[in-house]
Amino acid sequence: MSSIGFQAATHRGYFLGGSGLCRLKCRVQCSQLWQSTSLVNNQKEKDRYSCIDQSTSYLHVQSLRNFPTGKLCGEVVMVRLDSALLLGHLGPCTFSLERALLTIKYLYKARAKVIIVTSWDTTLQSNNPEVKSIDSFAEYLSSLLQVEVIPVDGRPGLTSFKKEEWVQNSIILFENLLNFRGEVANCNDFSQKLASGATIFVNDSFSLSHKILASTVGITRFCYASLAGFHFDEELTRLIKITDTTRRPYIAIVGGGNFLRKAPALRMLISLCDGLFFVGKLSFQIMKGLGMPVPSQFIERNAIMEALQIIQVARDRNVPIYYPTDLWCLNNDNCGTSRVVNSAGQLDGWTPADIGPSTLEKISSIIPLYKKILWIGSTKYDLAEEFSVGATQLGQILEKASFDSCEVILVGNAACNTLRRKTGSSSQCIEFKNATVVWEFLKGRILPGIAALDKRYPYRIPWSTVFCDSTLPLVVDIGSGNGLFLFEMAKRYECSNFLGLEMNEKGMALYEKRNLYFVSTNATSTFHSIVSSYPGRLSLVTIQCPNPDFNKEQNRWRMVRRMLVEAVADLLQTNGQVYLQSDVESVLLGMKEQFLSYSNGQLVVDGDDCGHRMENPFGVASDWERHVLARGAPMYRTMLRKV
């Protein structure tokens, strides 16, 4: 093996610099269509211009559907619901609402003790009598679930709830989270009190994935398992489809405004797609970059450089860029007067309102060239509702395309609301109403609400490839750091295989040893799924000086949670060992207590640990261990054994 260690494939963005920008001239215009054969050839060329790390391993989360049902019975499960999803539907129950309700019903049927937490703003409260008070909201939820929901006033937390009341009722509703400052601040104390008594957290509020809240991020630190609910899981699947390029050619129709803020996402799309059609206010910035005359009042300040970069990447990748050829405009002197104006013509005295008929014809003519279409952002240039004809007709064009075996993804209310389908019609379009989450995702940013959930390792390790003999006993070092400890162990004990699990892959060195391998992952939640596929037996697990937070000692054994302990105890062979070490005695005691408490009697102290002052049994010291011993400080150790 030429190198040891886990390396994620990354693609860096292409950025122009220097005076070449001002001399850029691009002949790509809406009136110039390239042959479909060119589009097909484009997809065969290796993409050198991707602007973000395409490794999206954080999107692989532990879902409720894959969590063992038997572990739900009798457990206190806290579910974060989306109040807008519950109250924003009209008419029949929507698919998304059905999935959210299914999460609650599933947990209830599994005999879990369910707590519901959610939030709603004053606008939602004034438009929906169901949330005028927590009592009315609980009554509303009871009608949806056909199960009695008991409201609990005051600060969220089981301390204010009488346990005897739970004997008859399995579902509890806490107070509106927006009434507490700790929610938006992601306050650690508030998160801990919110989670008090709950062992499992289920997030079913995907629309808040881009925010850092106590009820979506902070709470996961205090529950032993954090899972995606059925609605969350479905929305995550749709999100991943946006960057899936298995169906090509792929075009994005991008609208709205605020070019600068969306520039990182636009760079992502231009590196991903085989064509971009700009509408809305964004189109003016692109037209300006292409050298077309655009009134100064429509140009976004400081956006020209970003536009030129996107145009340059499009030219280098041989990707066409389209823009509107005509616009519906309002007369500035007479607001009641409107007409179609050539987008490259004189716009003085007119305010653009929506794309024109010629532009729609052009869109209709190029759509058959593509097998996948993304529409995100409004086609309109202002908020006038009467000028929504362009958006409506575009929706009809795309809906027709979806029936012609084209994969169509609609993102945002502006796109989704254009489909005026008759009752019983079944559009093939994938609808994704929350545009903010998608924009943040396309910018290459990690969505904290997703990253906070327990991960499941998405790939199976080819054990026979990474190890010479995959039947040898396996030693797993959790939090392996730079890997020097395991490297020395692998040299000294060649009759075993060594696996290092480390969250920070940048800190790991690469070693050429055929009995040594590293994986960049959060072992707390992925240990079982990784190690369970190993052909041989797990003989030893080591955790040395866990240090997620130097400043807060109480957090320094945070990785040792119930889920990890259960996984280790389950997979360890009989008489297999767990070696725990720290330079802080309270940290060692905390880890030891966790393992003894959550192993269900499968782990015991192996021999006499001499008051936690036993010698290093391997003759190999970790980097930090050497540092501590060099300054004359003690190390605290213990060895556990599976019985």
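1. Strand β17 (residues 497–502) runs parallel to β18 and pairs with it over five bridges; two strands count as paired if DSSP finds at least two bridges between them. Leu 501 has Val 519 of β18 as its bridge partner. Helices (H or I, at least four residues) and strands (E, at least two) are DSSP runs, numbered from the N terminus. The model is predicted, and local features need pLDDT of at least 70, side-chain atom pairs count only at pLDDT 80 or more, and totals for chains, interfaces and linings use all residues. Residues are numbered from 1 along each chain as its sequence is written, and side-chain values use heavy atoms, with hydrogens and water left out.

2. Strand β18 (residues 516–520) is largely enclosed by the rest of the structure, because five of its five residues are buried. Buried means under 20% relative accessible area, exposed over 50%, and partly exposed in between (1.4 Å probe, protein chains only). Both faces of β18 are covered, with Leu 516, Phe 518 and Ser 520 on one side and Tyr 517 and Val 519 on the other.

3. Helix α19 (residues 523–531) has seven of its nine residues buried, so this helix too is largely enclosed by the rest of the structure. The buried residues are Ala 523, Thr 524, Ser 525, Thr 526, Phe 527, Ile 530 and Val 531. Among the elements they pack against are β17, β18 and β19 (538–544); a contact means heavy atoms within 4.5 Å.

4. The largest nonpolar core has 76 residues, and those with the most contacts inside it are Leu 239, Ile 242, Val 254, Leu 374 and Ile 450. Helix α9 (residues 259–272) gives the most to this core, with seven residues. Such a core is a set of buried Ala, Val, Leu, Ile, Met, Phe, Trp, Tyr and Cys residues joined through side-chain atoms within 4.5 Å. In soluble globular proteins, nonpolar side chains tend to be buried together.

5. Helix α8 (residues 230–242) has 13 residues and spans 19 Å from its first C-alpha to its last, close to the expected 18 Å; the expected span is 1.5 Å times one less than the number of residues. Its buried residues include Asp 233, Glu 235, Leu 239 and Ile 242. Not counting residues up to four places away in sequence, Leu 239 touches Leu 59, Phe 206, Phe 432, Val 438, Phe 441, Leu 447 and Ile 450.

6. Two serines deserve mention. Ser 271 lies in helix α9 and is buried, with a relative accessible area of 2%. A polar atom of its side chain lies 2.7 Å from the backbone oxygen of Met 268; a polar contact is a pair of N or O atoms within 3.5 Å, and within protein one must be able to donate a hydrogen and the other to accept it, while residues adjacent in sequence count only if both atoms are side-chain atoms. Ser 582 belongs to strand β20 (residues 572–582) and is buried at a relative accessible area of 1%. The side chain of Ser 582 reaches the backbone nitrogen of Val 584 at 3.0 Å.

7. The protein chain averages a pLDDT of 81, and 80% of the residues score at least 70; pLDDT is the predictor's confidence in each residue, from 0 to 100. Confidence is lowest in helix α1 (residues 36–44), at a mean of 42, and highest in strand β7 (residues 250–254), at 97. Over residues 1–54 the pLDDT is below 50, although this stretch has 118 contacts in the model beyond near neighbours in sequence. Where pLDDT is low, the predicted coordinates should not be read in detail.
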